[in-house]
Amino acid sequence: MRLNTPVALCLLAGSLSNALPAPQENPTTTTLSDGATTTLPTAASKDTAVASDQLEQLASFAQDQASASLADSSSKQKRGSCTLGNLAIRREWGSLSASERKAYTNAVLCLQKKQANTPSSLIPGAKSRFDDWVGTHINQTMTIHYTGTFLAWHRYFTWQYEQALRNECGYKGYQPYWDWAKTAATGLANSPILDGSDTSMSGNGEFIPGQGNIILGGNGLPEIPIPAGTGGGCVTRGPFKDMNVNLGPVALGVPGGDTISNGDGLGYNPRCLKRDLTDWVNRRFANATSVVNTILKPKDIYDFQMTLQGYPGSGDIGVHGGHYTMGGDPGRDLFVSPGDPLFYLHHGMIDRTWWIWQSLDYNKRTGASGIAGTGTFLNTPPSPDTTLDTVIDLGYAAGPPVKMADLLSTTEGPFCYIYL
Ligand SMILES: [Cu+2]
């Protein structure tokens with residue numbers, strides 16, 4: 001696929017209004033599938049410390065809901081082979097031990113050393129198994145973002161990556177996630193995930209002074225300027241300091257407002273991993289209040305996925321905008337973003353947010369009414385609606401192709417995991 005314009009970023013535009021409605025923190029009582037009741041918040045607190053607690057409450061509701069359903073043999077969730085006995089638990093990076101973190105990054109490095117499955121005639125720049133995922137994402141970018149498949153596609157993509165780490169690189173753990181609410185509170189560079197230590201996901205890029213803004217938007221939509229972060233150059237510390245990014249760029253937003261590409265991005269273009277940690281983006285769009293709002297406000301899947309990705313023209317880039325929190329290359333490239341290993345921790349949290357939202361009305365949100373949208377980016381060009389029968393195919397990254405119907409629950413179909 002070839003794109004000459006910054007179309008990939010046209011989504012992120014509008015005036016910067018972040019007015020929140022007055023919080024109504026009256027809790028509500030919700031009935032679990034086993035008949036027990038629990039008390040949940042109904043609106044996000046503006047106080048991010050309170051909102052952090054609300055997020056934990058919502059997450060533990062989702063855990064309870066999953067456990068209760070798996071324990072109930074008559075439940076729909078019992079379909080497939082998922083049981084409480086083989087349930088995988090995905091955890092937040094900071095709650096992993098040092099050796100668990102090393103095991104994860106070592107497995108990623110292993111995937112980067114294994115030969116690609118993708119034929120070089122299709123993607124000449126795909127040199128490693130890690131690149132198989134990047135190449136698949138580049139090829140499908142315009143049919144997996146702002147589409148009906150967005151959440152399910154990235155759920156399956158991240159799960160298959162986790163499976164490859166386990167089955168091809170001997171990793172014994174599960175996919176960790178990056179809780180944006182935590183880094184919004186601590187600052188990115190102080191967090192265990194991005195402090196640059198040997199047990200982090202590597203940290204910031206080398207500081208480049210005087211970088212201009214990143215400009216999102218364009219293509220007829222109002223621009224959103226994003227300030228550059230506190231890095232900008234190559235990552236020099238931690239597990240990924242020597243890694244090569246092989247593919248892209250395709251639509252890389254760079255300081256000063258330009259968007260750069262290397263043709264279709266599929267050629268071999270080895271370069272260092274760059275980051276530009278941007279607390280401003282994290283704190284503005286993905287603090288605890290934003291995350292809880294994303295879970296509590298939308299009552300249907302259309303509103304949920306648009307809120308999460310940012311309504312074009314609203315000025316809000318949503319919690320998914322965390323790609324601009326990590327910044328750099330390929331972090332700011334919608335096409336090549338899985339080329340930064342942090343992508344999978346970010347999408348782990350996207351998936352966790354969806355999982356929590358689904359748990360609040362489980363049967364409805366994991367069935368046909370849990371899907372909205374079509375097969376093309378903001379339905380451009382127009383395409384048929386995504387349905388339960390729409391097939392997701394990850395190409396040479398991993399198989400088999402699966403139907404949307406099998407991807408809507410994390411404890412049915414091929415999946416058997418929850419988040420702690
Ligand atoms: Cu993506």
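N379 has 32% relative accessibility, so it counts as partly exposed. Keep in mind that this is a predicted model. The phi of N379 is positive, near 55°, and N379 is not a glycine. The residue is found in the loop between α11 and β12.

Stay in that loop for a moment. P381 lies there too, between α11 (362-365) and β12 (391-392). The peptide bond joining T380 and P381 is cis, with omega about -10°.

There is another cis bond to look at. This one joins G399 and P400, and its omega is about -5°. P400 is found in the loop between β12 and β13 (402-403).

Now back to positive phi. Y146 is not a glycine either, yet its phi is positive at about 55°. Y146 lies in the loop between α3 and α4. Is Y146 buried or exposed? Its relative accessibility is 6%, and the cut-off for buried is under 20%, so Y146 counts as buried.

On to the core. In soluble globular proteins, nonpolar side chains tend to be buried together. Here the largest nonpolar core has 100 residues. Y104 and Y161 have the most contacts inside that core. Which helix gives the largest share of this core? It is helix α4, residues 150-169, with 11 residues.

What does Y161 touch, leaving aside its neighbours within four places in sequence? Its contacts are Y104, V108, L111, F130, W133, Q175 and Y344. A second core is separate and has 8 residues. Among them are I214, I226, F285 and Y324.

Next, helix α8, residues 301-309. Its buried residues are I301, F304, Q305, M306, L308 and Q309. An α-helix has 3.6 residues a turn, so residues three or four places apart point the same way. What covers the buried residues of α8? The cover includes α4, α7 (288-296) and α10 (343-359).

Look at both ends of α8. D300 caps the N-terminal end. A side-chain oxygen of D300 lies 3.0 Å from the backbone nitrogen of Y302. After α8 comes G310, with a positive phi near 90°.

Rolling a probe the size of a water molecule over the atoms shows where empty space is left. The second largest pocket holds about 270 Å³ of space. It is lined by 15 residues. Which of them are closest to the centre? Those are Q112, K113, D242, M243 and N244.

Two helices, α2 (98-113) and α3 (129-140), are the elements that give two or more residues to this lining. The largest share, 3 residues, comes from α2. By type, the lining divides into 5 nonpolar, 5 polar and 5 charged residues.

Where does S197 lie? It sits in the loop between α5 (180-186) and β4 (205-207). The side chains of S197 and D195 are joined by a polar contact of 2.7 Å. Leaving aside neighbours within four places in sequence, S197 is in contact with R237, G238 and P239.

Conventions. Residues are numbered from 1 along each chain as its sequence is written. This is a predicted model: local features need pLDDT of at least 70, side-chain atom pairs count only at pLDDT 80 or more; totals for chains, interfaces and linings use all residues. Side-chain values use heavy atoms; hydrogens and water are left out. A nonpolar core is a set of buried Ala, Val, Leu, Ile, Met, Phe, Trp, Tyr and Cys residues joined through side-chain atoms within 4.5 Å. Buried means under 20% relative accessible area, exposed over 50%, partly exposed in between (1.4 Å probe, protein chains only). Helices (H or I, at least four residues) and strands (E, at least two) are DSSP runs, numbered from the N terminus. Contact means heavy atoms within 4.5 Å. A polar contact is a pair of N or O atoms within 3.5 Å; within protein, one must be able to donate a hydrogen and the other to accept it, and residues adjacent in sequence count only if both atoms are side-chain atoms. On a 1 Å grid over the protein atoms alone, a cavity is a set of points where a 1.4 Å probe fits but cannot get out, and a pocket is an open set with protein on both sides within 12 Å along at least five of seven lines; lining residues have an atom within 4 Å of a point. Grid points are joined across faces, edges and corners, and a volume is the space filled by probe spheres set on the points. Ala, Val, Leu, Ile, Met, Phe, Trp, Tyr, Cys and Pro count as nonpolar, Asp, Glu, Lys and Arg as charged, and the others, Gly among them, as polar.
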